[in-house]
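Hello,

Here is the structure for your files. My notes follow below it.

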Amino acid sequence: MSRDLAGVWLTEAAVFALVVAGILAERPWALGATGGALVVAGGLVRFVPRLGAALAGAFARRRAAALAGGAVLALALPLALRSSPYWTFVATLALLYVTTGQGLNFQIGTAGVINLAGAAFAGLGGYAVGLLTVAGGWPAWLAVLVGPWAAVLVGTILFVPILKTRGHYLALVTIAFVFIFNILVNNLEFTGGPQGIKNIPTLSLAGYAFTTPPALAGVELPAHANFYYAALVMAGLTTWVLRRLHDSWLGLALNTLRDDEIAARCCGVSVTRGKLLAFSIGNFFIGLGGAFYAVVVGFVSPPDFDFGYSLVMLSVIIIGGVDSIPGVVLGACLLVPLPERFRFLHEYRLLLYGVVIVVMLLYRPRGLWPARIRRYR
Amino acid sequence: MLGVMYALVAVGFTLFFGVLDVIHFSHGDIFMLGAFTGLTVLAGLRAAGVGGALLALPLTFAASILVTGAVGVLAERVCVKPLARASPLMTLLATLSLGLVIREAVLIFYPRGADPKPFPQLLPQGGVELGGVAIRYENLAILGIGLAAMVAVDRVIKSTKMGAAIRAVAQEPEAAQMMGVNLDRTVDATFFLGSGLAAVAGILSGLYYSEIHFIMGVTGGVIGFSAAAIGGLGNVYGAIVGGLLFGVLQTTAAALIPRGSEFRDVVAFAVVMLFLVFKPSGILGEKSVERV
C-alpha cells in the first residue's frame, strides 16, 4: 500500500515539475525537451499496459492522498512560478475557467441544455459587480457574491424561449442572446459603452487589499497570488458542489432528461423544473466566474464577453469531456495556459486553436477525460 | 436589399440542414470568403486590363462561386460529414471552429487582412424618384442579381436531376440511396450550391456597403441562420421569406426607434427569439415531425 502512496505522489510531483519547467522554459530547446518529456511520459502510461494499470490502480486506491497531493501542489504553484509573475495571473484565469466551465458543463453536459451564451452570463456577473461597486459603492466582496444572481435572474427570463425550443433552435436562441447582450452593453449609457466600466475596486478583507503581494516566511509571492488562492478556493468549492449535485438524484434525473426527454417525463421527471434548476445553477457559477474576473482585472468591457468567449468555454468542456467533472478541470488547465505559452506563434494562435478543436472532435470526440458510466454500489 | 443577401445565406443553411441534418456554422465565414474571393478576382481582372463592369462583374461572380463552392465542399468533406452522426453539439463546435480557422486564415494570409477592404463600385450609380421615394439604380441591380440567383436555385432544385437527388436525400437518405442516388455526390453538390450562393451574397454585400471586412461572416452567419430558422429549417422557400423578413425587421427597427441603427440587431434578434417561442419550428415548418 505504501508503494501506491509513493507512486501517486511521485507521479503528481513529476507532472508538476514538468509543467512548471514547461511554463518557465525560455529557450526553444528547453521547451521542446520538457514538452517531449511530457509526451514520452504520457505515451509510456498509455502504451505500456502494466504501468498504466498500476498507476490507475494506485490512484483509485489512494484517492484521498491523490487529492491532498494535488491540493498541496496547487497551493505551491505561485511559489514555483515566482520568477515569472504573469503566469500566476494566467493560472488564476484558468481557475476562473474551471468555475465557469463547471457551471456550463452542468447545463450542457448533465442536462443537455445547449447554452452558447456563456460569455453573456459571465458578462452579466461581471457588469453587475462593476455597477454595484462603481455606481453603487458596495464593497467588492459583497458585489462578487451578489453579482452572479444577475446572471440567474436574466437567465430565468430567457428560460421561456429556451424551454420552448429544441436542438438547433435552442442554439440559435442562446447565440442571439449573446449578440443582444453585446450590442446593449456596447451602446447603453450606464454600462459605459465601448469603454466599459473602469476602476472596479479590488477585493479586500478587513482592510487587507488583495493586490498587495503576500509574503510567506520572508519569501515574497507574485502579486496575483492572493487572487490565485481565492480563485482556487472558488474553483474547488464549485467543483465540489457540482460533483455532489451530479452524483445526486438531481444529476441522475438531468441525465435522463438529456438522453430522452419523453422517457424522462414518463418516469416522472419534470422537464420544466429540471431544466430550470440546471440552467439557473449553471448560470450562477458562470456568473460567479465573470464577477470574479471583474475584481481581478479591475474593469469590464464588451469585448471581454463576446461570442468568442462562449466558444472558449464550450471548448473547455468538449476538450475535457462532456459531463465529466475532472475533464472540465483538465480542459481549462490546458486551453487557457497553452495559447499563452505559445505566444510566439501569436499570429497563428487562434488559427491553430480552431484546428486543434476540429481535430479533437474528429478523433477524440468524447474528450481527453471521458465521463464514466455511473456506478452504483 | 439586405433581405436578399440574408435570404441567399439562409438558403445555404437550410439546404445543408436538409441533406445532412446539421447546422453548418462556418457558412457565415464562407460568405465572407466569397466576398474576399470576389475582391481578389476583381483586382486580378483590373491588373489584366479588363475594365468594363459589364464584363468584369459576371466573371467575378463566376470565379467566386467556383472557388467558394469548392471551399464549401472541402469544409463539408473534412469537418461536417464525418461528424454528421455525432451529437449536434459536436457539429456545432466543429463548424464554429472551422469558421474561426477560415476567418483567421483570411486575416493572416490576405494582404493587410485586418483592415476593412474597400470594394469597388461596379454598379450604375444615381437613381430615380418615383412618387417621393428615391430609388437607386445600384439597389435595383442588387435586388435583380439576388432574385436571379434565387430563381436559378429554384430551377436547379425543381427541375434538374441533381435537384431531384437533393430533395430525395433531404426526405429520406436511405431510401434515396436505394433508388440509386449517390449520397456523397449529392451532398457535395448541395454544399457547392449553398456555398456558391453565399459567394453571391458576399459580393452583393461588398457592392452594397462598398466595404468588406474579415469579421463580417460572424454576424452574417448568425443572421443567415436566424433567417433560416424563422422560415423553418430545411425549407428553401421558408429561408427566402425569413431572409426578407429579417431585412425588413432591421430596416424598420432602424427607422422607427431612436438611435435605431445601433439597436436594430437587438430588435431583430429579440423578435426572432419571441418568434421561436410561439412558433418553435418556423413559419413554413420544419421538414420532419418529431417521433417517439
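Is A:Asp323 buried or exposed? A:Asp323 is buried, with 25 other C-beta atoms within 10 Å. Buried here requires 20 or more other C-beta atoms within 10 Å of the residue's own, exposed is 12 or fewer, and partly exposed is in between, with C-beta atoms placed from the backbone.

First, the ground rules. This is a predicted model, in which local features need pLDDT of at least 70 and side-chain atom pairs count only at pLDDT 80 or more, while totals for chains, interfaces and linings use all residues. Residues are numbered from 1 along each chain as its sequence is written, and chains are lettered from A and ligands numbered from 1 in the order in which they are written.

Backbone

A:Asp323 is not a glycine, yet has a positive phi of about 65°. A:Asp323 sits in the loop between helix 13 (307-320) and helix 14 (325-335) of chain A. Helices (H or I, at least four residues) and strands (E, at least two) are DSSP runs, numbered from the N terminus.

B:Ser210 also has a positive phi, about 45°, and is not a glycine. Its place is the loop between helix 8 (183-209) and strand 4 (211-212) of chain B. B:Ser210 is partly exposed, with 15 other C-beta atoms within 10 Å. Most residues other than glycine have a negative phi.

Contact between the chains

Chain B gives 37 residues to the contact and chain A gives 36 residues. Two residues are in contact if their C-beta atoms, placed from the backbone, lie within 7 Å. On the side of chain B that touches chain A, helix 4 (88-109), helix 9 (216-231) and helix 11 (260-278) of chain B each give two or more residues. Helix 4 of chain B has the largest share, 14 residues.

A helix in the open

Helix 2 (residues 28-47) of chain A has 20 residues. The number buried is zero, so helix 2 of chain A lies largely in the open.

Confidence

The model scores ipTM 0.82 and pTM 0.85. Among the elements of chain B, helix 8 has the highest mean pLDDT (89) and strand 2 (residues 127-130) the lowest (70). Over residues 288-292 of chain B, pLDDT stays under 50. For that stretch the model has one contact beyond four places in sequence.

Best wishes

Note on methods. Expected span 1.5 Å × (residues − 1). pLDDT = per-residue confidence, 0-100.
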